[in-house]
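The sequence and the structure come first.

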2 protein chains.
Amino acid sequence: MARQVSRASKRSITSFAVAEAAGVSQSTVSLVMSGKAEGRVSEAKRQHVLETASKLGYSPNASAQILRTGVLKVIALAVPNVQQPFFGQVLVAAEVAARSRGYSVLLIDTSNDAEWVERLIGMIRGRLVAGCIVYASDDADERRLGAIRDRILFVEAENSRRSGIDLDIAGAMGAVVSHLVGLNHTRIGYLAARYPKATFRRRYEAFRDQLSQHGLDADPAWRTDATFDLETATAAATELLGQRQVTALFCDDDLLAAAAYRAARSLGLSVPQDVSVVGFNDIEMARIIHPELTTVAIPAETVATLAVEKLLGQLSGGRSLSAGTRVVPLTLQVRASTVPARS
Amino acid sequence: MARQVSRASKRSITSFAVAEAAGVSQSTVSLVMSGKAEGRVSEAKRQHVLETASKLGYSPNASAQILRTGVLKVIALAVPNVQQPFFGQVLVAAEVAARSRGYSVLLIDTSNDAEWVERLIGMIRGRLVAGCIVYASDDADERRLGAIRDRILFVEAENSRRSGIDLDIAGAMGAVVSHLVGLNHTRIGYLAARYPKATFRRRYEAFRDQLSQHGLDADPAWRTDATFDLETATAAATELLGQRQVTALFCDDDLLAAAAYRAARSLGLSVPQDVSVVGFNDIEMARIIHPELTTVAIPAETVATLAVEKLLGQLSGGRSLSAGTRVVPLTLQVRASTVPARS
DNA sequence: CTCTGTACGTCATTCGTATGACTATTGAGA
DNA sequence: TCTCAATAGTCATACGAATGACGTACAGAG
């Protein structure tokens, strides 16, 4: 007896069980549950089935549904590092956008998972997820993902032809350089992110281009790089600022800018009086540190929402909607960390 | 012709297709792919099947597998707000722990999704996820989740009897109060989080208990609350500190502590000379703001890893492993934001 | 009284994999 | 030569829902 019960509780409630309890056929239950009862099931019977189902605590088995229909409402989101506040924002926004379309989001952290490409391909081929948004991938990954590229949407891809959503890096750097040059800064340092991502390379290239348009040079000695680890970054920034060469410093990330603040403090320099600082991303911390940070804002929500929409459009075969690369504009948030250069 | 091709590409590659190409039966392919070939398939044939499969780009259909075996390797993680850096840490750690056991993680943001309980119940009943880790839920949610409680693991639950992992809040507050009292602070302010979560209530209770053990009182006038929104929090902190009553301030979250820094600055007060500040969570920002923040560190990785292990143990029916509540100790990170009170 | 149309349901098959039961082949031992 | 066991493989069915192809019943028309 007890064995009976325990075995019964292992099995889930099926549409068949509901059908039996309600005195109808399994087909009818299916019709009702999937909302296709119109014209095939009377309203009274529909209600009765619905009641029986909720009384038994029935939910359709997703695997069976997917197997039968081939439609699956889960998308994956692959980002380099969820711990970075910016990607947290992207994640939340993507989740909201996906949910409003009835999709769930599965997380992939590409920097903590060496095999992520294989896992993703397996998941997509195995129909565990319908598609994937891939943020800031590198060229090798992108090539390996070629086999399933119609189910992938790239954001800030290495190879820009593969990108579905791209950011207007050049425009942003133009704004940064104009802003600083407008404040009479001519010696601008560059604290780069030590990660082999396209976005960082493109920023530096744009930076140099913009400088030369203003008749200035990007002195390699004024450039250094660091990881996002606080100590490492502070050390790098200390070395750069210790030379007392630059009057302004661009940082590839707000976290690096925060490290620059620490470095300045340890050197007895004041931000912004002795050195103006510009960051990138506009995470919440930019307004928390003192002085508040001038930084390039990426509209994380817009990017995530666009990405979800574009991916879902692509998955449902709407080529027309999803064709081409969408470029998202960035804006420079001017705050207290940038002031005119001392003459 | 074109129609043929497009239709063919819609269907995925099945084990049957591989079987046909390799000249074996579907059963054999299944045996090989699921690693149960031992003693049933010769090594030569096994290799051949494997090659054929990879040549065709075959991955087993997860839905069919799940439908057949009832085993599903996806767990959900429900947290209040992924954007908060602390939950980001939890998320990453959980993802890593889950992956090492072959599981994937599906994200649920409970503060942005009013219907999350229903969605979760549907997902679990519908076998889209095997189980769920629920972080910082409230009592109503927990009650509604009762129907599927054997597939849920609670972390910091409202109703502590339901909790699978709990934090040693009382111990942490003891350390905080001892630390401040040891520095001769007798008038300690309290900047609380304005969210109806058990953890915040328990902190304040522990705070009062600890104070009275030291012969001190918690003056209600020295307590206020705020949301994690920077402006709101700064305003609340400004009002509290503006009274010039307290010499130290405990904050329910590092973000609130950061707001307190801003408030102090705007009031012309200095941290820590005029007011010592203690935070909670020890997010990266605690070391970025100046002076570095004394704060209670929650071992996010430990919590997440324990939670995953306990949940998976629970799911596989290992009652013995999963029984009882595990309490995780917290540590007070003493940094530069707390100094002896002025006499 | 038969015919037709409509409203309501059911039947039977399908999705792709896993697996217990079964068959065929080979070699060794008696 | 016959049996037994081990090895290598196949067959057939089940998992649970969805759905096109079928009834069935009844009202109204002819």
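## DNA strand C

In this predicted model, H3 and H5 of chain A, together with helix H2 (15-22), H3 and H5 of chain B, each supply at least two residues of the surface near DNA strand C. A residue is near a strand if its C-beta atom, placed from the backbone, lies within 6 Å of it. Helices (H or I, at least four residues) and strands (E, at least two) are DSSP runs, numbered from the N terminus.

DNA strand C is surrounded by 31 residues, and the closest are Ser25(A), Ser27(A), Thr28(A), Ser15(B) and Ser27(B). The surface near DNA strand C divides by class into 10 nonpolar, 15 polar and six charged residues. Here Ala, Val, Leu, Ile, Met, Phe, Trp, Tyr, Cys and Pro count as nonpolar, Asp, Glu, Lys and Arg as charged, and the others, Gly among them, as polar.

## Basis of the model

The model is predicted: local features need pLDDT of at least 70 and side-chain atom pairs count only at pLDDT 80 or more, while totals for chains, interfaces and linings use all residues. Residues are numbered from 1 along each chain as its sequence is written, and chains are lettered from A and ligands numbered from 1 in the order in which they are written.

## DNA strand D

Around DNA strand D there are 30 residues, of which Thr14(A), Ser15(A), Ala64(A), Ser27(B) and Ser42(B) come nearest. At least two residues of this surface come from each of helix H2 (15-22), helix H3 (26-33) and helix H5 (62-69) of chain A, and from each of helix H3 (26-33) and helix H5 (62-69) of chain B. By class, the surface near DNA strand D has nine nonpolar, 15 polar and six charged residues.

## Chain A and chain B

The contact between the chains takes 42 residues from chain B and 42 residues from chain A; two residues are in contact if their C-beta atoms, placed from the backbone, lie within 7 Å. On the side of chain B that touches chain A, the elements that give two or more residues include helix H6 (85-100), helix H7 (116-125) and helix H12 (254-267) of chain B. H6(B) gives the largest share of that side, eight residues. The side of chain B that touches chain A has 20 nonpolar, 13 polar and nine charged residues.

Strand E2 (residues 104-109) of chain A and E2(B) run antiparallel and are joined by two bridges. Strands pair if DSSP finds at least two bridges between them. In this pairing, Leu106(A) stands opposite Leu106(B).
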